[in-house]
Amino acid sequence: ESVLSRYALKKGQHFEIRVAGIILLSPVSTLDIFPKEMIDAWKNTGVFLLRNNRTGQDLPQGAELLSEILNCDTEWNVQSAISGIKTRYLIIHGTEDSDVPIAHGRTLHRWALDAGCDANLHLIENAGHTFNTRHPFEGTSPELDQALKIVTDWIGNS
């Protein structure tokens, strides 16, 4: 079990968070995944409309996410966070994820191993980003059932 120390909003307050493990589903390894032209337009307008390919909706992305993307090498650096959180990691990624390439899951797995953590990477064959489910949720899929079994087994072995 890992202990994460964080400072609260009021200066001088301190609390601990105990982490027995971290589960990452279809995760990104960096927020720096957008083309420069798109980032420049986003900076100018303050909003970027991101098309959800599954629903066809244009989802507005605001200044907060843009700031996180622009600061992903320092404040929002996932590799640095993993090296600072010594715990167990379970990473599950679909082999057919068109939203977040499988390389992200593999990178996170490598970073966790390099940090000396117990890390497991499970690839779900033929699964997309949402493990072949739809929004709005219409029901489970064999790929989601497989991911849920991996998660429950992993938690049960904690």
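Student: Is Trp42 buried or exposed here?
Tutor: In this predicted model, tryptophan 42 has a relative accessibility of 1%, and so counts as buried.

Student: And what does Trp42 pair with?
Tutor: The ring of tryptophan 42 forms an aromatic pair with that of phenylalanine 34, in an edge-to-face arrangement with 6.0 Å from centre to centre and 85 degrees between the planes.

Student: Why is that pair called edge-to-face?
Tutor: Because planes over 60 degrees apart count as edge-to-face, the 85 degrees between phenylalanine 34 and tryptophan 42 puts the pair in that class.

Student: How accessible is Phe34, then?
Tutor: Phenylalanine 34 is partly exposed, since its relative accessible area is 21% and buried would mean under 20%.

Student: How many aromatic pairs are there, and which residues do ring pairs link into a cluster?
Tutor: The structure holds two aromatic pairs, and Phe34, Trp42 and Phe48 are linked into a cluster by ring pairs.

Student: Switching topic, what lies over the face of Trp154?
Tutor: That is arginine 88, which lies at 4.0 Å from the ring centre of tryptophan 154.

Student: What about the fold, which elements come in what order?
Tutor: The chain has five helices and seven strands, and from the N terminus on they run β-β-β-α-β-β-α-α-β-α-β-α.

Student: How much of the chain is buried, and what is its accessible surface?
Tutor: Of the 158 residues in the chain, 32% are buried, while the accessible surface comes to about 10100 Å², with 53% of it belonging to carbon and sulfur atoms.

Methods
Residues are numbered from 1 along each chain as its sequence is written. This is a predicted model: local features need pLDDT of at least 70, side-chain atom pairs count only at pLDDT 80 or more; totals for chains, interfaces and linings use all residues. Side-chain values use heavy atoms; hydrogens and water are left out. Rings of Phe, Tyr and Trp (its six-membered ring) pair if their centres lie within 6.5 Å; planes under 30 degrees apart count as stacked, over 60 as edge-to-face and the rest as tilted. Buried means under 20% relative accessible area, exposed over 50%, partly exposed in between (1.4 Å probe, protein chains only). A charge sits over a ring if NZ of Lys or CZ of Arg is within 6 Å of the ring centre and within 35 degrees of the ring normal. Helices (H or I, at least four residues) and strands (E, at least two) are DSSP runs, numbered from the N terminus. Accessible areas come from the Shrake-Rupley method with a 1.4 Å probe; for residues, only the protein chains shown count as cover.
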